[in-house]
Amino acid sequence: MIVVGGGHAGVEAAWAAAHYGVRTLLLTMSRDTIAKMSCNPAIGGLAKGQIVREIDALGGLMGEAIDATGIQFRMLNRSKGPAVQSPRAQADKYHYKQYVRERLENCDNLAIEEAIAADVLTGNGIVSGIRCTDGRTFSAPRVVLTTGTFLRGMMHLGEKQWEGGRMDEPASNELSDSLRKLGLKVGRLKTGTPARLDGATVDYNKVEEQPGDEIARPFSFLNDSIDRPSVPCWITWTNEQIHELLRANLHRAPLYSGQIQSTGPRYCPSIETKIMRFADKRRHQVFLEPEDEAVSTIYCNGISTSYPKDVQDEMIRLLPGTENARIVHYAYAIEYDYCPAQQLKTSLETRTVAGLFLAGQINGTSGYEEAGGQGLLAGINAALTLDGKEPLVLGRDEAYLGVLVDDLLTREIDEPYRMFTSRAEYRLSLRSDNADRRLTPIARSVGLIDEVRWNRFQQKLEDMKMFEAYLKNTRKDDKRLWQWIKQPDYSLEKNLAENPALSKLGVSKEVMEAVIIEAKYEGYISRQEKQISAFRKLENIKLSENLDYNHIPHLRCEAKEKLLRFRPATLGQATRLGGITPADITVLQIYLKKKQQLS
């Protein structure tokens with residue numbers, strides 16, 4: 001197969017396919033930009049951390065990469081329950097891409113070529129390869145497109161506009177035209193980045209230090225600990241002077257001058273959007289995040305913008321701690337083409353062209369993590385279908401990646417999609433700590449997991465079983481420890497430290513915490529399992545790709561239009577389409593029963 005694009009989606013797609021055993025070609029504009037962190041130099045975050053652990057549990061590369069190159073690790077939402085606690089890490093972005101590139105270059109079944117894809121080649125509605133702008137042609141029966149922001153990318157910096165996929169990198173215009181010719185609908189989205197500062201020119205005495213966790217938690221289930229130096233981040237705030245400056249120059253901001261027509265990410269807005277949408281707020285938080293271990297450059301998280309250079313210069317001068325800072329790279333916005341994901345099957349294969357898969361920002365998402373997860377699924381599904389096997393489709397009850405894909409296929413995406421824990425209705429069961437127990441057996445069944453990871457996973461299960469038995473069979477006063485754990489004010493750690501019998505078990509802290517969570521939330525998880533059981537009944541009722549909704553009696557016109565447009569794969573998926581009512585679902589069930597498709 002061919003994977004087009006060396007970003008985070010392309011990396012995971014190529015890695016998954018090659019490890020499955022398929023001869024894979026990764027086409028990238030430059031080897032030097034493979035896994036480049038073009039925006040925030042961080043991996044994980046709220047809900048995103050869960051996705052990274054899921055990628056790792058499925059045999060992906062992102063978790064190992066951040067463990068090897070992270071410079072600060074933090075567990076977010078520590079004061080809340082484990083369902084919404086999420087790991088996050090700052091990365092040395094230069095070491096990160098170097099690490100990933102080296103892993104890919106040493107991966108069996110994987111070749112890397114520098115080229116710009118120009119045309120998706122097909123025959124009889126089936127993909128056959130890629131033609132590049134330099135005239136070379138590569139043939140393959142499967143193609144995965146992970147084009148990021150490069151499809152007809154247009155950069156904006158004040159009044160200045162130029163074609164590009166990222167700073168100092170060309171756009172991919174011909175490939176965008178090729179997709180249109182193939183019958184795919186193409187839309188337009190926008191994203192942007194903040195300025196980067198020379199780290200040596202920031203006054204750290206005027207900003208608040210934000211250290212990492214004393215004990216860093218690994219992302220990868222292959223690692224027991226993180227043995228790397230920790231670098232702090234810092235916090236500062238905008239002020240009224242900055243807001244006045246930005247309001248006075250709003251006519252020069254491409255987002256408000258009419259220069260940019262497309263929609264940007266709602267949950268990661270530019271600073272000009274913030275001051276207009278939240279006009280009552282007198283200040284906005286800005287995180288000063290190092291981009292490498294040496295703190296040579298600083299990423300100004302929170303002031304993404306496309307104002308012209310002179311306005312950016314003044315804004316940085318007015319920001320506490322950066323009054324004398326030198327801007328290394330100015331902030332900019334970028335508009336790019338994407339393909340609305342309703343054109344995809346649940347496997348991420350296009351309905352229009354057999355064998356053509358899409359993953360990442362081309363599907364309307366934002367974030368390295370969302371892209372990486374889609375890339376892994378697209379890569380393994382392209383490989384599985386080559387073998388005539390069923391694709392790997394994760395349910396909303398199985399993974400955040402299942403929620404992600406299902407949302408893309410059932411929602412009207414008019415802005416870059418970002419994952420949140422609130423999007424997952426079964427988040428109590430989709431925790432970061434149990435991603436391996438949820439997904440590693442699934443990955444093993446489709447050939448993504450090697451013996452080293454599988455044996456390690458089996459040992460963890462044995463240790464958990466042993467520790468659970470210890471808690472259920474050990475009494476303190478009138479209760480078993482398993483029951484004491486459920487008391488909110490009970491300190492198991494103190495009890496365990498005082499119990500010499502426990503040390504003989506030899507279980508890790510990770511195993512202990514996993515079992516303790518299961519004990520504390522046993523009742524809640526049991527109730528959620530009942531909800532999941534009801535959910536699965538509808539998810540197990542398949543809807544044919546060729547079902548003609550126009551000929552279903554008593555189905556409303558709006559319902560017919562929605563069902564024909566989105567083509568849900570299951571009855572459960574149909575319930576999540578906007579505009580579909582419970583009455584519509586009942587009509588579908590009656591119709592399927594009459595057609596003997598539903599018992």
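Axes here are lines fitted to C-alpha atoms, for helices over the stretch in contact, and angles run from 0 to 180 degrees between N-to-C directions. Helices (H or I, at least four residues) and strands (E, at least two) are DSSP runs, numbered from the N terminus. What you are looking at is a predicted model, where local features need pLDDT of at least 70 and side-chain atom pairs count only at pLDDT 80 or more, while totals for chains, interfaces and linings use all residues. Residues are numbered from 1 along each chain as its sequence is written, and side-chain values use heavy atoms, with hydrogens and water left out.

**Around helix 2**

Let's start with some helix packing. Two packed helices are described by the angle between their axes and the distance between the axes. Helix 2 packs with helix 10 (residues 368–386) at an angle of about 30°, the axes being 9 Å apart. That makes helix 2 and helix 10 roughly parallel to each other, a label for angles under 35 degrees, with over 145 counting as roughly antiparallel, 65 to 115 as roughly perpendicular and the rest as oblique. Their crossing is left-handed, meaning the near helix is turned anticlockwise from the far one by less than a right angle, while clockwise would be right-handed. On the helix 2 side the contact (heavy atoms within 4.5 Å) uses K48, I51, V52 and I55, and on the helix 10 side E369, E370, G372, G373 and L376. Sorted by class, that is four nonpolar, two polar and three charged residues. For these classes, Ala, Val, Leu, Ile, Met, Phe, Trp, Tyr, Cys and Pro count as nonpolar, Asp, Glu, Lys and Arg as charged, and the others, Gly among them, as polar.

Helix 3 (residues 62–69) also packs against helix 2, at an angle of about 115° and with the axes 7 Å apart. Helix 2 and helix 3 are therefore roughly perpendicular to each other. Here V52, I55 and D56 of helix 2 meet M62, G63 and E64 of helix 3. By class, this contact has three nonpolar, one polar and two charged residues.

Helix 2 turns up again in the surroundings of helix 12 (residues 435–445). Buried residues (under 20% relative accessible area; exposed is over 50%, partly exposed in between, with a 1.4 Å probe and protein chains only) in helix 12 are A435, D436, R437, R438, L439, T440 and A443. They pack against helix 2 (48–57), helix 13 (451–473) and helix 17 (509–520). Just after helix 12 comes G447, with a positive phi of about 90°.

**Strands and hairpins**

Now for the strands. Two strands pair if DSSP finds at least two bridges between them.

| Strands | Bridges | Facing residues |
|---|---|---|
| Strand 7 and strand 8 | six bridges | T122 and V127 |
| Strand 8 and strand 9 | three bridges | G129 and S139 |
| Strand 16 and strand 17 | four bridges | T236 and V286 |
| Strand 14 and strand 18 | three bridges | L197 and I298 |
| Strand 17 and strand 18 | four bridges | E289 and Y299 |

Some of these pairs form hairpins. Between strand 7 and strand 8 there are two residues, and N124 takes a positive phi near 55° in that hairpin. The hairpin of strand 8 and strand 9 has four residues between the strands, and G135 takes a positive phi near 95°. With six residues between strand 17 and strand 18, their hairpin has V295 at a positive phi near 55°.

An open sheet of six strands runs in the order 15-16-17-18-14-19, with antiparallel pairing. Strand 15 (208–210) and strand 19 (327–329) are its edge strands, each pairing on one side only. On average, neighbouring strands of this sheet are turned by 35° against each other, direction ignored.

Strand 18 has five of its five residues buried, so it is largely enclosed by the rest of the structure. T297, Y299 and N301 point one way from strand 18, I298 and C300 the other way.

**Two loop residues**

N205 sits in the loop between strand 14 and strand 15 and, at 77% relative accessibility, counts as exposed. By contrast, S172, in the loop between strand 12 (160–163) and helix 5 (173–181), is buried at 6% relative accessible area. Leaving aside residues up to four places away in sequence, S172 touches M29, I116, A117, F150, L151 and R152.
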